[in-house]
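Let's take a walk through this model together. Keep the viewer open and follow along as we go.

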Amino acid sequence: MDTLQILRNLCIILIFAKFFALLARKIHAPEVAGEIVAGLLIGPSLLNLVEASDFISGMAEIGVILLMFSAGLETDLDQLKKSGLKATLIAAFGVIVPLILGTILYGCFYGFGAWGSDAFLHAVFIGTILTATSVSITVQALRELGKIQTEVGITITSAAVIDDVFGILVLTAVLSMKDPSANIGMVALKTVLFFVIGIALGIVILKLMKMLDAKYPHTRRIPIIGMCLAFAYSYVADRYFGVADITGAYIAGIVLSSLKDSSYIERKMDINSYMIFGPIFFASIGLQTNLRTLDPRILVFSLCFVAVGMIAKVVGCGLCAKVEGYSGSDSLKIGVGMMTRGEVALIVAQRGLKAGMMESNFFTCVILLIIISSIVTPIILKHLYIKDAQVKPAKA
């Protein structure tokens, strides 16, 4: 692809992505949904104005890394400590139940296959996609309801963060199963080693960054070094430990999350993501999806995928919360609050496509799940809180 073609494609992608993102915001839908729709529109599904290329894939890869780095920067370590074991268990069941039900769903439609076969790995990967919860969408919904600082709100937010960590670990383990010669025990050991070395090294880096931040506060060199750290962690994680590069970026973000200028770094990363890399990543999802090849079987599977994905979170997280002592009403709120899917689900799906563990037409399932869960979750949460407020005075 020549330079002029690249410039043309970038222009089309950014214009369409931003227009539909703004349109999505106007109708109170996630902007990411608009950017995905833009990719569908300009891709092979409809207008076929832009074709997926190695250049776009490379730009999208950078977008993924920056997104996960920002997610790590947003992580509130104090909040995680405060919620403690309860949120961790809720997150664990919020991963286990969707993983199992998603695997069963795929197997019912397309067969399970023998252990380690492509069919079996595809089934497990579909379950893996369902493990992720969108932290950003969940937090925004709770903030709009004025419930972000309540016990339930803190539990949902903390569990959603931990859920994503578990989801990324599951993704790394599942991707390693693609290689028949891979030793799962060795993979687990290398994963643990990466986290131990990454965190230990991160403590040293954090101390150095704090010294640098104190001497040069709010200067551009701080976010530049932070971004370099994200790229370095991503490279080392994938190249030397066999861990997904997005995991490395996420850990790099967590390392710097307690830095005084972490919010400053995050704002600078958001500029890069908002201006170019984010729209290209989300639009590239649409570019890799061809709705013209969507057959009735995939459509039925997509509807079942959405239903199972949402119900599995309510069942897994809600029941665990109930066992932990939350009331029935609060347990339901926690389960519903964990239903939303967003960037991480897309990242997981994109990783599966790249690794050959998922066909591109299954992106339709993920896109539908993100759009429907992002719209339905705030509505149901609002209804539950209104209903709860009406019931309490009646008891008094």
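Predicted model: local features only at pLDDT ≥ 70, side-chain atom pairs only at ≥ 80, totals over all residues.

Helix 12 (residues 296-323) does best with a mean of 92, while helix 6 (residues 135-145) has the lowest confidence, at a mean of 68.

Helix 9 covers residues 221-241, and at 1.5 Å a residue its 21 residues should span 30 Å; the end C-alpha atoms sit 29 Å apart, which agrees. Which of its residues are buried? The list for helix 9 is I222, P223, G226, L229, A230, Y233, S234, A237 and F241. Look down the axis of helix 9 and these buried residues fall within an arc of 130°, so they line one face of the helix.

Now slide back to helix 8, residues 184-215, where you'll find V204. V204 has 45% relative accessibility, so it counts as partly exposed. This valine also belongs to a nonpolar surface patch of about 930 Å², whose other members include M186, L189, V192, L193 and M211.

Next, the charges. There are six salt bridges in the structure. One of them pairs E35 with K18, with 3.5 Å between the closest N and O atoms. This pair links distant parts of the chain, since E35 is in helix 2 (residues 31-42) and K18 in helix 1 (residues 3-26), 17 residues apart. Are these two buried or exposed? E35 counts as buried because its relative accessibility is 5%, and K18 counts as buried too, at 17%.

Another salt bridge brings together the side chains of K313 and D163, at 2.7 Å from N to O. K313 is in helix 12 and D163 in helix 7 (residues 151-176), so this contact ties together parts 150 residues apart in sequence. Both K313 and D163 are buried.

Finally, check D245 and R351, whose side chains form a salt bridge of 2.5 Å, N to O. D245 belongs to helix 10 (residues 245-256) and R351 to helix 14 (residues 343-354), so the pair ties together parts that are 106 residues apart in sequence. D245 and R351 are both buried. Through salt bridges with shared partners, E61, D245, R351 and K354 join into one network.

Notes
Residues numbered from 1 in each chain as written. Heavy atoms only, no water. Patch = residues over 30% accessible without salt bridge, like charges linked within 9 Å, V, L, I, M, F, W, Y side chains within 5 Å. Areas by Shrake-Rupley, 256 points an atom, 1.4 Å probe, with all protein chains shown as cover. Salt bridge = Lys/Arg side-chain N within 4 Å of Asp/Glu carboxyl O. Helix = DSSP H or I, 4+ residues; strand = E, 2+ residues; numbered from the N terminus. Buried < 20%, exposed > 50% of the residue type's maximum accessible area, 1.4 Å probe, protein only. Expected span 1.5 Å × (residues − 1). Arc of directions from axis to C-beta. pLDDT = per-residue confidence, 0-100.
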